[in-house]
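Please read the numbered points with the model in view.

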Amino acid sequence: MFTHVMIGSNDLEGARGFYDATFAALGGRPGEMDARGRLIYTHEGSRLMITKPIDGKPATVANGGTIGIAAASPDHVLAWHEAGTEHGGTAIESPPAERPNGSFVAYLRDPDGNKLTARSHPTK
């Protein structure tokens with residue numbers, strides 16, 4: 001359904017450190033900067049793009065918004081969470097844990113305050 005998700009950042013190099021580390025924990029590749037100055041992560045046909053806002057105003061987070069990232073296993077979720085907290089992210093909500101449907105879930109805020117979750121596929 002989606003081609004990409006675009007989020008704003010006030011510090012692209014800080015965002016790069018955070019997302020390179022968290023996506024590496026999931027088996028992904030480092031981001032690449034395009035000609036327009038956007039940081040782009042590509043995986044299995046999906047893209048996460050990070051940019052400074054084109055209107056020149058500061059980037060802000062979506063109130064109520066969460067970006068969900070697929071993880072292959074609970075171990076990947078834990079590695080993602082650890083990499084994120086080691087690279088400027090903030091652990092939020094409950095600690096990483098299994099949900100009643102069998103998916104394993106963790107939550108972080110990136111250095112700009114965007115809310116993210118990594119989760120494995122449900123087993124039930």
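How many salt bridges does a search of the whole structure find? The points below begin with that matter and then turn to the helices and to selected residues.

1. The model under review is predicted. A search of the whole structure finds 2 salt bridges. In general terms, side chains of opposite charge can pair when their charged atoms come close.

2. One of the salt bridges joins the side chains of R38 and D34, with a distance of 2.7 Å from N to O. Both partners are out of the open: R38 is buried, and D34 is buried as well.

3. In another salt bridge, K115 pairs with E93, and the closest N and O atoms are 2.5 Å apart. This pair links distant parts of the chain, since K115 belongs to strand 9 (residues 115-120) while E93 sits in the loop between strand 6 (90-91) and strand 7 (97-98), 22 residues apart. Is K115 buried or exposed? K115 has a relative accessibility of 19%. The cut-off for a buried residue is under 20%, and K115 therefore counts as buried.

4. E93 also deserves attention for its backbone. Its phi is near 60 degrees, a positive value in a residue other than glycine. Most residues other than glycine have a negative phi. E44 likewise has a positive phi, near 50 degrees, and is not a glycine. E44 is placed in the loop between strand 3 (39-43) and strand 4 (46-51). With a relative accessibility of 73%, E44 counts as exposed.

5. How do the axes of helix 1 and helix 2 cross, and at what angle? The axes of helix 1 (residues 12-25) and helix 2 (residues 74-86) come within 8 Å and cross at roughly 160 degrees. Helix 1 is therefore roughly antiparallel to helix 2. Their crossing is right-handed.

6. Which residues make this contact? Helix 1 contributes F18, A21, T22 and A25, and helix 2 contributes H76, A79, W80, A83 and G84. Sorted by class, the contact of helix 1 with helix 2 has 6 nonpolar residues, 3 polar residues and no charged residues.

7. Apart from residues up to four places away in sequence, G84 touches F18, T22, G89 and L108. The C-alpha atoms of G84 and A59 are separated by 20 Å, and the two residues are 25 residues apart along the chain.

8. G31 occupies the loop between helix 1 and strand 2 (32-33). Its relative accessible area is 11%, so G31 is buried. Neighbours within four places in sequence aside, G31 is in contact with R16, D20, L39, I40 and Y41.

9. Y107 is found in strand 8 (residues 104-109) and is buried, with a relative accessible area of 10%. If neighbours within four places in sequence are set aside, its contacts include T66, W80, H81, E93 and K115. Among these, E93 and K115 are the partners of the salt bridge described in point 3. Y107 and T66 are 41 residues apart in sequence, yet 9.3 Å apart in space, C-alpha to C-alpha.

Methods:
Residues are numbered from 1 along each chain as its sequence is written. This is a predicted model: local features need pLDDT of at least 70, side-chain atom pairs count only at pLDDT 80 or more; totals for chains, interfaces and linings use all residues. Side-chain values use heavy atoms; hydrogens and water are left out. A salt bridge is a side-chain nitrogen of Lys or Arg within 4 Å of a carboxyl oxygen of Asp or Glu. Buried means under 20% relative accessible area, exposed over 50%, partly exposed in between (1.4 Å probe, protein chains only). Helices (H or I, at least four residues) and strands (E, at least two) are DSSP runs, numbered from the N terminus. Axes are lines fitted to C-alpha atoms, for helices over the stretch in contact, and angles run from 0 to 180 degrees between N-to-C directions. Angles under 35 degrees count as roughly parallel, over 145 as roughly antiparallel, 65 to 115 as roughly perpendicular and the rest as oblique. A crossing is left-handed if the near helix is turned anticlockwise from the far one by less than a right angle, and right-handed if clockwise. Contact means heavy atoms within 4.5 Å. Ala, Val, Leu, Ile, Met, Phe, Trp, Tyr, Cys and Pro count as nonpolar, Asp, Glu, Lys and Arg as charged, and the others, Gly among them, as polar.
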